[in-house]
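User: Please take a close look at the aromatic pairs and clusters here. Walk me through them in one go.

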Amino acid sequence: MLQTVWVSSPGSWALREPDCHRDGKQTRWKRGFVRTIIQYPCPRYGPKCPGKARMLKKMHICLCFFFVLGILYEISLLSSCFFSYMPMSKQFLTPEQILNLGKSIIFLETTERLEPPPLVSCSVESAARIYQDRPIILFMKGLTNDTALDLNSSYAAFSLLSSMKNVFLFPLQMETVFQETPLLQWYNQVVPEQEKNWVHISSDASRLALIWKYGGIYMDTDVISIRPIPEESFLAAQKSQFSSNGIFGFPAHHKFIWDCMENFVLKYNGRIWGNQGPFLMTRMLKAICNLTDFKGTEDHTCQNISFLNPQRFYPIPYPAWGRYYKVWNKSPNFNHSYALHLWNFMNHNRKTVVAGSNTLAEKLYKAYCPTTYKDLIQNGQLRDFTRSEDAA
């Protein structure tokens, strides 16, 4: 007689509004172990018992084989559904655990500030909404491992971003990031206090190392996502024959990124803004590709790297960056764009999104980062209330 007993531990994932399905049904995951116990009640004597024992043994092996296949299948589903069934205690997950899942969207904050401004929050939120099945990671230099990032944080943007199931905020530890890359020796020799562009240079280096190690997409914190990027290995053209490094994507251990890191060190010149950033990407791309001007909205491809049309991310070029903060009679549809770069580096006047201004940027906030926009409105009302109280 064949008898099977299933034993499972009581622990289970804490789930949040699952939206991943399998065969039209919601999948629920249990954390625990399963045991199969097969008993052979055949007595030790009797002429037919050895044959029955062999048959039961074969059945046991077959059952174990199919059981293992089932477990492997469940694990494969778990990786794709991971962020629909994310444990609520995200603070116990490490950067490596998240990054090793692959296909992360990575943002960097290389200043010491601990309160992400609205544009940073909007960039991260928009990515979290567009790429709901991918981890969205914001590395912040000002964070430490002891910084509490929970829903009761005193920093409003932390609460806002931490509440999103696929968003993670981690400390940026550069020495760890640069391990096992050509950038480590450079980092150990450079003196940050003597580098006038250190915030940008350290960001340029960190993004290369992270994408090399783990793969995925890097985005600047002034990029608003509006639809998924269909490419895996790509650079973004800022204009014809000139590459940006504000957004790019590659699988882990891609040779192009390794070559970029080596060139970063070989041609290092911290006095020239962008020498380790867009100029690096451009000269490395030109070394392997014969770049030509774009015509229309087509993309270029070279060495299995897609060089995406400026319309994909830069439909409003940097000389006209102020148009994002203007009122348009008819707003553009951006049908050919995957994301929009708002040129925050050019924004020396610190133009911001003002609720009720009806600018293009405000409309983008409403459409692609509504939670950030709602928080912006509430903060604006609070400031107005405070001013009126002071006046009284």
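Analyst: Buried means under 20% relative accessible area, exposed means over 50%, and partly exposed lies in between (1.4 Å probe, protein chains only). At 12% relative accessibility, W198 therefore counts as buried. This is a predicted model: local features need pLDDT of at least 70, side-chain atom pairs count only at pLDDT 80 or more, and totals for chains, interfaces and linings use all residues. Residues are numbered from 1 along each chain as its sequence is written, and side-chain values use heavy atoms, with hydrogens and water left out.

Now the rings. Rings of Phe, Tyr and Trp (its six-membered ring) pair if their centres lie within 6.5 Å; planes under 30 degrees apart count as stacked, over 60 as edge-to-face and the rest as tilted. The count by this rule is 21 aromatic pairs. One of them is F168 with F170, stacked at 6.1 Å centre to centre with 10° between the planes. Both F168 and F170 are buried.

Y187 and W198 also stack, at 6.5 Å centre to centre and 25° between the planes. Y187 lies in helix 6 (residues 183-189) and W198 in helix 7 (residues 198-214), so the pair ties together parts 11 residues apart in sequence. Helices are DSSP runs (H or I, at least four residues), numbered from the N terminus. Y187 is partly exposed, because its relative accessible area is 22%.

The setting goes beyond that pair. F178, W186, Y187, W198, F264 and Y268 form one aromatic cluster.

Methods
Helix = DSSP H or I, 4+ residues; strand = E, 2+ residues; numbered from the N terminus.
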